[in-house]
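Please look over the sequence and the model shown here before reading on. The paragraphs that follow go through some of its contacts and then its overall make-up.

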Amino acid sequence: ASRSIAPDPGVPEPLPVPAQLNTAPLSAGLSTIPATALTVFAKCPAKFNWQYVEGHPGLGEGSSSGMMIGELTHLALELGLNDVSSLRQHSGKGAEMELERALSLARAFREMPEFAAVRINRNEKEVSFAKSFGPLTVVGTADVVGPDFVLDYKTDSEMDPAEHRFQIWAYARAFGKERGYIAYLAHYVLYEFGPSELAEIDVAVQSNLEKIAKGQYDATPSESVCGQCVYQQICKFRFDINGQ
């Protein structure tokens with residue numbers, strides 16, 4: 001029996017030349033970041049790079065108990081939990097001391113007069129968003145979204161509103177609110193960023209957003225910045241207290 005032979009396909013047609021050639025290098029920056037990353041970048045862009053670009057967990061946990069208390073407090077406020085057994089059931093973690101401290105902080109928000117102005121029935125809790133700010137999309141979850149404000153709970157032992165200003169700004173702009181609040185539960189303090197403060201942050205944040213988009217992560221080492229950083233042992237830019 002004879003075998004058929006496939007015809008020679010010949011020389012293929014050349015591929016069409018693209019209408020536009022782009023020889024610029026790819027950007028090393030990010031296009032989407034969490035709102036909390038704005039706080040990290042403002043403190044030290046090198047730490048931002050380790051955490052959000054490299055995805056490195058760092059060496060050390062920082063204040064792991066403090067982080068646990070913060071997480072538990074947010075959960076208690078979100079779900080309206082009032083006792084240790086309920087909080088333990090929903091969280092599945094936390095030592096007795098941490099659970100009790102979290103409930104105490106949650107109780108402060110519910111009961112202390114300093115927070116009365118933002119305890120409103122129309123408030124929404126744990127509201128997620130994704131908002132484009134020029135070259136970047138910022139994503140996150142606001143603890144509370146009220147009629148004309150956003151609010152973030154903080155369980156920090158020290159108050160530093162300036163450190164978190166970009167995060168609160170992102171929440172306020174994402175939801176179109178005129179005011180942003182930080183509820184410092186351990187201090188019974190409600191700190192406000194009003195329209196003028198948010199407008200000032202509008203200007204200050206632009207440079208950071210552009211640097212992130214371009215992948216510019218120059219370090220800003222100092223004793224205060226590097227002292228508690230979980231990357232200090234591996235970061236070549238770390239502050240040397242002995243000047244060596």
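Lys93 has a relative accessibility of 37%, so it counts as partly exposed. The model is a predicted one. The side chain of Lys93 meets that of Glu71 in a salt bridge, with 2.8 Å from N to O. Lys93 sits in the loop between helix H4 (84-91) and helix H5 (96-111), while Glu71 belongs to helix H3 (residues 64-79), so this pair ties together parts that are 22 residues apart in sequence. Glu71, at 42% relative accessibility, is likewise partly exposed.

Salt bridges in this model come to 6. Another of them joins Glu96 to Arg88, whose closest N and O atoms are 2.5 Å apart. Glu96 is partly exposed because its relative accessible area is 39%, and Arg88 is partly exposed at 35%.

A further salt bridge pairs Lys43 with Glu163, and here the closest N and O atoms are 2.8 Å apart. Lys43 is in helix H1 (residues 35-43) and Glu163 is in the loop between strand E4 (149-154) and H6, so the bridge ties together parts 120 residues apart in sequence. Are these two residues buried or partly exposed? Lys43 is partly exposed, at 32% relative accessibility. Glu163 is also partly exposed, at 24%; buried would require a value under 20%.

Helix H5 can be checked for its length. With 16 residues at 1.5 Å a residue, H5 should span 22 Å, and its end C-alpha atoms are 22 Å apart, which agrees. Which residues of H5 are buried? They are Glu98, Leu99, Ala102, Leu103, Leu105, Ala106, Ala108 and Phe109. The elements that cover these buried residues include H3, H4, E4 and strand E5 (179-184).

After H2 comes Gly55, which has a positive phi near 70°.

The model has 11 aromatic pairs. One of them is formed by Phe41 and Phe48, with ring centres 5.3 Å apart and planes at 90°, an edge-to-face arrangement. Phe41 counts as buried because its relative accessibility is 2%, and Phe48 counts as buried because its own value is 0%. Another edge-to-face pair is that of Phe129 and Tyr171, at 5.7 Å centre to centre and 80° between the planes. This pair links distant parts of the chain: Phe129 lies in strand E2 (residues 124-133) and Tyr171 in helix H6 (residues 165-175), 42 residues apart. Phe129 is buried, since its relative accessibility is 11%, and Tyr171 is buried at 4%.

How many helices and strands does the protein chain have? Its secondary structure comes to 8 helices and 6 strands. Along the sequence they follow the pattern β-α-α-α-α-α-β-β-β-α-β-β-α-α. Among contacts between residues at least 6 apart in sequence, 63% join residues at least 24 apart.

Of the 244 residues in the protein chain, 35% count as buried. The protein chain exposes about 14500 Å², and carbon and sulfur atoms supply 50% of that area.

Terms used:
Residues are numbered from 1 along each chain as its sequence is written. Side-chain values use heavy atoms; hydrogens and water are left out. Rings of Phe, Tyr and Trp (its six-membered ring) pair if their centres lie within 6.5 Å; planes under 30 degrees apart count as stacked, over 60 as edge-to-face and the rest as tilted. Buried means under 20% relative accessible area, exposed over 50%, partly exposed in between (1.4 Å probe, protein chains only). Helices (H or I, at least four residues) and strands (E, at least two) are DSSP runs, numbered from the N terminus. Contact means heavy atoms within 4.5 Å. Accessible areas come from the Shrake-Rupley method with a 1.4 Å probe; for residues, only the protein chains shown count as cover. A salt bridge is a side-chain nitrogen of Lys or Arg within 4 Å of a carboxyl oxygen of Asp or Glu. The expected span of a helix is 1.5 Å times one less than its number of residues.
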